[in-house]
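Here are my notes on the model you sent over, as numbered points. Have it open in your viewer while you read.

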Amino acid sequence: MRVDPFAPEDLTRDNFLGGAVRLWQPRDGYRAGMDPVLLAASIPAKAGETVLELGCGGGAALACLGVRVPGLTCTGVEIQSAYAALAQRNLDDNGVEGRIHCADVAALPKDVTDRRYHHVIANPPYFEDFRAVAPQSQERAISRSGELPLAKWVEVASRRLRPGGVATFIQRADRLPELMSAFYANLGALELWPIHPRTHRTARLFLLRGRKGRRAAFMSHPPLVLHRGDTHEKDGDSYSETISRVLRTPQSLPFPVQSRSQTKHG
């Protein structure tokens, strides 16, 4: 658990979205990758709406979302105080209106529980127990894994949503059954978007979305493919045009449009 603040020499400042977002990150510890960027790009938020992120780390997703959609009010919850402070700094330095709370997802502060949000987003730890993995630092272990079940993350997200509000999670493909079950118990109008590294590779990640108090048929969208070609053939990245645009500009990544009648009747 990282409690002590990061010293200046412990941090780097890195460009995201082609430099539209600049994030302070620890040299050693949890450093944001593609996942929070994809999550942020997928959120259908509009100016004037509110967003809560559960387990926000250093604030990468909220910063990317807030820069892409000016006029949002962003709230984050992060259990590690050093990362919570870093997330607040990243929001402030990128001109994003918001407040970060140092708290456990299972014990949210009153300022958070007194409100209902248009959007709740989360990139929960990918492993069930940080003792099961051995990364280089304890704070990285906590970001990758934890004791709180996914069902609790979804329950908390649902409670914090306004009627009709949207919850969007990104998670590892092997945890889809667990997360899908939790969404079904708490939310409706579920949409699944598998994320494949290449066209003929199995999914490694997925985005899952649900709405508070809505009833509609489940939709599974065609996969989002990250890279061109069947294999990596040369130096340099091989991101698809869509993914390259999303990673290098403040570009949205809307879920595919698909009619509910198609999902019911094929």
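1. A cut-off to begin with: a residue counts as buried when its relative accessible area is under 20%, and as exposed when that value is over 50%. Bear in mind as well that this is a predicted model. With that cut-off in hand, go to helix α1, residues 34-42: 9 of its 9 residues are buried, so the helix is largely enclosed by the rest of the structure.

2. What lines the largest cavity? The residues are L17, V37, A40, A41, C64, L65, R68, V246, T249, P250 and Q251. The lining splits into 8 nonpolar residues, 2 polar ones and 1 charged one. About 50 Å³ of space lies in this cavity, and the count of cavities of 30 Å³ or more comes to 1.

3. With a relative accessible area of 6%, under the 20% cut-off, L17 is buried. Its phi is near 55°, a positive value in a residue other than glycine. For context, most residues other than glycine have a negative phi.

4. A189 is another one to click on for its backbone. The phi of A189 is positive, about 50°, although the residue is not a glycine. A189 lies in strand β8, residues 188-196. Buried or exposed? At 6% relative accessibility, A189 counts as buried.

5. On to the aromatics: the structure holds 3 aromatic pairs. Take F6 and Y83: their ring centres are 5.2 Å apart and their planes stand at 90°, so this pair is edge-to-face. The pair links distant parts of the chain, with F6 in the segment before β1 (11-16) and Y83 in helix α3 (residues 81-93), 77 residues apart. Both partners are under the burial cut-off: F6 is buried with a relative accessible area of 13%, and Y83 is buried with 2%.

6. Staying with the segment before β1, D4 has its place there. D4 counts as exposed, at 56% relative accessibility. Its C-alpha is 5.9 Å from that of A82, although D4 and A82 are 78 residues apart along the chain. E9 is found in the segment before β1 too, and E9 is exposed, with a relative accessible area of 56%. From E9 to R27 is 18 residues in sequence and 8.5 Å in space, C-alpha to C-alpha.

7. Where does the charged end of R89 sit? It sits over the ring of W24, 4.0 Å from the ring centre. The charged end of R209 sits over the ring of F255, 3.8 Å from its centre.

8. A polar contact of 3.4 Å joins the side chains of R209 and T168. T168 has its place in strand β7, residues 161-172. T168 is buried, with a relative accessible area of 1%. If you label R209, then, show both F255, whose ring lies under its charged end, and T168, its side-chain polar contact.

9. Last stop, N123. Its place is the loop between β6 (117-122) and α5 (138-144). Which side chain does the side chain of N123 make a polar contact with? The partner is Y126, at 3.3 Å. N123 counts as buried, at 16% relative accessibility, which is under the 20% cut-off.

Definitions and conventions: Residues are numbered from 1 along each chain as its sequence is written. This is a predicted model: local features need pLDDT of at least 70, side-chain atom pairs count only at pLDDT 80 or more; totals for chains, interfaces and linings use all residues. Side-chain values use heavy atoms; hydrogens and water are left out. Rings of Phe, Tyr and Trp (its six-membered ring) pair if their centres lie within 6.5 Å; planes under 30 degrees apart count as stacked, over 60 as edge-to-face and the rest as tilted. Helices (H or I, at least four residues) and strands (E, at least two) are DSSP runs, numbered from the N terminus. Buried means under 20% relative accessible area, exposed over 50%, partly exposed in between (1.4 Å probe, protein chains only). A charge sits over a ring if NZ of Lys or CZ of Arg is within 6 Å of the ring centre and within 35 degrees of the ring normal. On a 1 Å grid over the protein atoms alone, a cavity is a set of points where a 1.4 Å probe fits but cannot get out, and a pocket is an open set with protein on both sides within 12 Å along at least five of seven lines; lining residues have an atom within 4 Å of a point. Grid points are joined across faces, edges and corners, and a volume is the space filled by probe spheres set on the points. Ala, Val, Leu, Ile, Met, Phe, Trp, Tyr, Cys and Pro count as nonpolar, Asp, Glu, Lys and Arg as charged, and the others, Gly among them, as polar. A polar contact is a pair of N or O atoms within 3.5 Å; within protein, one must be able to donate a hydrogen and the other to accept it, and residues adjacent in sequence count only if both atoms are side-chain atoms.
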